[in-house]
Structure formats: structure tokens, C-alpha cells
Amino acid sequence: MKLENFNYDLPTNLIAQEPAEPRDSCRLMLVDKKTGEWEHQSFRDILNEIRAGDVLVFNNTKVIPARLYGQRKGTGGKVEMLLLSPKGNDNWEVLVKPGKKALPGTEIVFNEHMSCQIVDKTDFGGRIAHFKYNGEFDSILDQIGEMPIPPYIHKKLEDKNKYQTIYAKYKGSAAAPTAGLHFTEELLEEIKNRGAGVYFVTLHVGLGTFRPVAKENIEEHEMHKEWYDVPQITADAVNRAKTEGRRIIAVGTTSVRTLESAGQTGTLVAGGGWTQLYIYPGYEWNIVDAIVTNFHLPESTLIMMMAAFAGTNHILSAYKEAVNQKYRFFSFGDAMFLR
């Protein structure tokens with residue numbers, strides 16, 4: 001399959017620059033995965049689509065202020081760094097700009113309390129950095145780090161919590177699981193009142209989720225590893241629902257990746273691990289029956305995942321309709337419910 005098969009035309013004015021307020025006031029496109037037919041709703045109307053017995057699975061990762069700005073020791077050259085994932089012993093996998101000047105041995109100073117040294121390169125163009133700091137790492141990071149808002153969002157985010165789901169719990173992500181941004185406490189309670197179950201997994205969003213596909217033949221793309229964890233209570237609820245023929249609704253692509261990674265046999269296995277699962281058309285689904293998701297970048301692994309779920313033609317037709325109807329796209333944009 002060719003990369004160009006997953007492209008679509010998107011006017012830049014449709015890229016959302018701020019989240020909807022309130023969160024559940026955005027638009028929602030309902031798409032039938034079998035026929036490709038769509039309906040236009042408000043996100044709150046998703047309640048009308050929830051059935052008693054449905055199991056909704058959310059990713060409760062928490063975004064850290066992972067973007068740091070510093071200077072190379074000795075030259076004073078400016079450096080931008082994105083923390084991707086911890087590697088233990090104060091080592092982190094990171095992305096650095098400019099990368100050509102971040103060779104092993106380079107020291108970077110962020111402030112009087114924190115610095116790091118580049119100790120190695122990675123296979124995906126990143127670096128391994130060893131951090132030195134005076135005090136508590138997370139506290140310093142909260143003071144000097146910025147939320148890693150995607151580069152296509154140019155408006156400054158005044159409230160960091162706007163890029164955090166209301167149920168975010170475990171720190172570790174370099175990007176938000178953005179489909180979850182649409183849910184409010186009240187909406188979650190109403191979902192439960194409909195007789196549906198609300199459960200959580202954790203996948204710390206890193207390079208695997210947002211790394212561009214560079215290969216023209218998409219089968220040659222290699223996913224980057226991301227850490228996930230499935231609690232026993234979630235595994236039990238999902239497996240019981242599957243046995244009873246009830247729907248598993250994944251909220252966001254990271255929940256999809258977690259459920260499918262830990263459910264390759266058709267039974268969801270509790271516990272943690274690293275996943276490199278790459279879902280594109282032809283994938284055989286094991287766990288997920290419906291997906292709540294945002295509208296994704298052209299030629300991304302995320303739009304390929306949606307094409308694998310509902311068919312490439314159906315997805316691209318829905319995206320074309322969303323453009324025609326002036327939906328808001330990407331992280332702070334509107335949502336789609338594939339069912």
C-alpha cells in the first residue's frame with residue numbers, strides 16, 4: 001500500500017487552535033464502519049449511541065511538561081528538547097533540535113537546577129540524555145517545562161489543564177490522548193447511568209504515536225515502542241463483555257493500540273509491556289468493536305488505523321465530508337464515533 005493513498009486535502013484554517021469550551025460541546029460525526037454512512041451530531045449526543053452493557057476504555061496517562069529549552073554548555077547555542085520516555089537511572093529518550101549539534105558528550109543546561117548530557121543516539125533519530133538536577137525531578141520539570149503542544153497549534157495555551165483529560169492519572173506522556181479531551185465528569189456519570197462500564201488502561205504516548213511515516217510503501221514503516229499497562233479489573237470487564245457479546249468501545253487510538261496489543265489472542269491479558277503494534281488496512285481485529293477518535297493528520301499511522309477499522313474509502317469519504325462541513329481537525333478538534 002502506498003502512503004499517498006492516505007492523503008486528503010485540508011485547509012489550514014480548519015486546524016483547531018484551541019479546545020472547545022465546554023469540552024463536550026464540539027461536533028461529532030457518527031460513521032457506520034460497515035456502510036460508511038455518516039450523521040452529524042454534537043459530542044454530547046454520543047449518549048444516544050451508548051447501550052447498556054457497553055464497555056468504554058479510556059487511556060488515563062498524564063501529559064508531562066515535556067518540552068524544555070536550554071543552552072549548550074560552552075557555546076551557548078539554543079536547544080529545544082522533548083522528553084519521550086524514561087529509561088531508568090535519570091536517563092531519558094529525547095528528541096533534540098538542532099539534532100546535528102547534540103552529539104554524545106554534549107552538555108545542555110536548562111537552569112541552575114537542571115542539566116543533562118547526551119550519552120547516546122537512538123535508531124529513530126533521537127538521543128539518550130542523562131539528567132543531573134538539584135532537588136526533585138518532577139518539581140523542577142513542572143517549573144521549567146512546557147506542555148508539548150503539537151507544532152500545528154500556534155495559539156499559546158494559557159491553561160495547561162486544557163491539554164489534559166479530566167481522568168489523567170499516571171505521568172509519562174509526551175502528547176495527550178486527545179479523543180479523551182471531549183469528556184467531562186458529568187458526561188462520564190451519564191454514561192455510567194446508561195448502564196455502560198467505564199474502565200481505564202495506560203499507554204504513555206511517545207514517538208510511536210506521532211512519528212511521521214517516511215516510507216512510500218507503508219508496510220516498511222516501523223513503529224517506535226510505547227509502554228502500556230492493563231489493570232486486571234479492565235481485563236476482566238473486557239473479557240466478560242466479549243464473552244457475552246457486548247461492545248468494547250475504545251476512546252482514542254492509544255486505547256485501541258493498548259487493547260489490541262494486549263489482546264492478540266482474543267482475550268485481553270492484564271499487565272504491562274512495550275508495544276510496537278502497527279495497525280493498517282488488512283489488520284485482523286481482536287478486541288475493539290467501536291472507536292471514539294479525533295480527525296488525524298494526512299498520511300499518519302493514526303488515519304491508517306482508522307482505515308483498517310472502517311475501510312480506506314469509508315474513512316476518506318468521511319474526512320472529505322468533514323472538510324466540506326468545516327469540522328475542526330487534529331488535537332483540539334472535533335470527534336468521530338466509528339461504530
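Hi everyone, let me start with a pair of side chains: Glu 18 and Lys 155 meet in a salt bridge, with 2.9 Å from N to O. Glu 18 sits in the segment before β1 (27-31), while Lys 155 belongs to the loop between α1 (137-144) and β11 (170-173), so this pair ties together parts that are 137 residues apart in sequence. Please keep in mind as we go that this is a predicted model. How many salt bridges does a search of the whole structure find? The count is 13.

Now to the domains. The chain divides into domain 1, made of 1-61 + 157-336, and domain 2, which covers 65-144. Taken over C-alpha atoms, the centres of domain 1 and domain 2 are 30 Å apart. Where the two meet, 11 residues of domain 1 are in contact with 11 residues of domain 2. Between them, domain 1 and domain 2 bury about 890 Å², and 63% of that is on carbon and sulfur atoms. Which residues of domain 1 lose the most area to domain 2? They are Ala 174, Leu 207 and His 224, and together these account for 42% of what the domain 1 side buries. As for salt bridges between domain 1 and domain 2, the count is 0.

Next, a helix pair. Helix α5, residues 253-261, packs against helix α6, residues 301-310, at an angle of about 65°, and their axes are 11 Å apart. The crossing of α5 and α6 is left-handed. If you want to find the contact on your screen, look on α5 for Thr 253, Val 256 and Arg 257, and on α6 for Thr 301, Leu 302, Met 305 and Met 306. By type, the residues of this contact divide into 4 nonpolar, 2 polar and 1 charged.

Last, the backbone. Most peptide bonds are trans, and most residues other than glycine have a negative phi. With that in mind, here are some places to look at. Glu 21 and Pro 22 are joined by a cis peptide bond, with omega about -5°. Pro 22 is in the segment before β1, and that segment also holds Glu 18 from my opening pair. Another cis peptide bond joins Lys 97 and Pro 98, where omega is about -5°. Pro 98 has its place in the loop between β7 (91-97) and β8 (107-111). And where does Asn 89 lie? You will find Asn 89 in the loop between β6 (78-88) and β7. Its phi is near 55°, a positive value in a residue other than glycine.

Terms used
Residues numbered from 1 in each chain as written. Predicted model: local features only at pLDDT ≥ 70, side-chain atom pairs only at ≥ 80, totals over all residues. Heavy atoms only, no water. Axes fitted to C-alpha atoms, helices over the stretch in contact; angles between N-to-C directions. Helix = DSSP H or I, 4+ residues; strand = E, 2+ residues; numbered from the N terminus. Left-handed = near helix turned anticlockwise from the far one by under 90°. Contact = heavy atoms within 4.5 Å. Nonpolar A, V, L, I, M, F, W, Y, C, P; charged D, E, K, R; others polar. Domains from an automatic or database assignment. Buried area = accessible area lost by both parts, 1.4 Å probe. Salt bridge = Lys/Arg side-chain N within 4 Å of Asp/Glu carboxyl O.
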